[in-house]
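The stops below are given in the order in which to select them.

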Amino acid sequence: GQCIVIDSKVSLKAYEAHINAEDEEERALHLRAHIQSIRTHIKGLGEKNYQLAVGSHLDYVIMYVPIEGALATALQEDSQLIEYSIDKNVQIATPNILMPVLRTIASVWQVERRNRNAEDIAKRAGGLYDKFVGFTSDMDALGGRLDQARHSYDAALNKLSSGRGNIVRQIEQLKDMGAKTSKSIPDDLLEDASEDEVGGAIEYLSDPAKPDAAE
């Protein structure tokens with residue numbers, strides 16, 4: 001989804017005239033015109049900022065020169081040409097280096113993409129870890145509340161069916177005494193209450209520390 005702007009409209013008419021000229025003075029004249037044509041084109045590309053217009057992630061435009069010799073000849077006469085193009089945010093490319101340049105850009109973008117993915121993974125992992133820690137804390141708190149609820153349940157159940165004169169036995173005695181009922185206390189609860197009552201009575205009678213234990 002990213003864009004690379006490649007311009008291929010550089011004029012090579014002066015270069016062609018330079019190559020075909022038979023007179024050395026004429027060749028030199030056309031060579032200067034060729035260099036000036038390249039510089040003018042570089043300047044124009046730098047001012048238009050095509051890379052910004054298309055939303056490219058690159059801060060420069062690639063200026064494609066289709067003939068290797070055209071650039072080489074210009075560089076022999078003007079060694080500052082590459083530096084000038086860089087200052088104008090223009091990258092000059094010929095057939096031999098265009099594909100390597102594009103592959104280099106693609107490799108850089110792949111590294112950037114992997115780095116962004118690594119950052120996203122790190123953020124997600126950190127968030128997941130924090131969620132897990134919070135979950136374990138909530139589970140510990142829930143376990144504590146469940147333990148408290150179990151203790152409260154056991155205490156209430158003990159009051160209901162344990163010890164002498166427990167509530168279950170007293171309620172059942174009301175039925176035995178003639179209370180009109182349509183339902184019955186479950187047998188297992190009655191058995192537990194009866195056993196606890198008998199056990200409490202035996203313990204009471206066998207305890208010599210009680211005042212009436214000898215009666």
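Start with arginine 39 and tyrosine 84. Arginine 39 lies over the face of the tyrosine 84 ring, 4.5 Å from the ring centre; a charge counts as over a ring if NZ of Lys or CZ of Arg is within 6 Å of the ring centre and within 35 degrees of the ring normal.

This is a predicted model, in which local features need pLDDT of at least 70 and side-chain atom pairs count only at pLDDT 80 or more, while totals for chains, interfaces and linings use all residues. Residues are numbered from 1 along each chain as its sequence is written, and side-chain values use heavy atoms, with hydrogens and water left out.

Next, select helix H2, residues 24-48. Helices (H or I, at least four residues) and strands (E, at least two) are DSSP runs, numbered from the N terminus. H2 has 25 residues and reaches 36 Å from its first C-alpha to its last, close to the 36 Å expected at 1.5 Å a residue; the expected span is 1.5 Å times one less than the number of residues.

At the N-terminal end of H2, show the side chain of aspartate 23. Aspartate 23 caps this end, with a side-chain oxygen 3.0 Å from the backbone nitrogen of glutamate 25.

Which residues of H2 are buried? They are Leu31, His34, Ile35, Ile38, His41, Ile42, Leu45 and Gly46. Buried means under 20% relative accessible area, exposed over 50% and partly exposed in between (1.4 Å probe, protein chains only). In an α-helix there are 3.6 residues a turn, so residues three or four places apart point the same way.

Step past the helix to asparagine 49, in the loop between H2 and helix H3 (50-53). Its phi is positive, about 50 degrees, although asparagine 49 is not a glycine. Asparagine 49 is partly exposed, because its relative accessible area is 27%.

Now select the strands. E1, E2 and E3 form an open sheet in that order, with parallel pairing; strands pair if DSSP finds at least two bridges between them. The edge strands are E1 (6-7) and E3, each pairing on one side only. Between E2 (residues 61-64) and E3 there are 4 bridges, and isoleucine 62 has glutamine 91 as its bridge partner in E3.

Finish at threonine 94, in the loop between E3 (90-93) and helix H6 (95-161). Buried or exposed? Threonine 94 counts as buried because its relative accessibility is 3%. Leaving out residues up to four places away in sequence, threonine 94 touches Tyr64, Val65, Glu68 and Leu71, where contact means heavy atoms within 4.5 Å.

Definitions and conventions. Polar contact = N/O pair within 3.5 Å; in protein donor to acceptor, adjacent residues only side chain to side chain.
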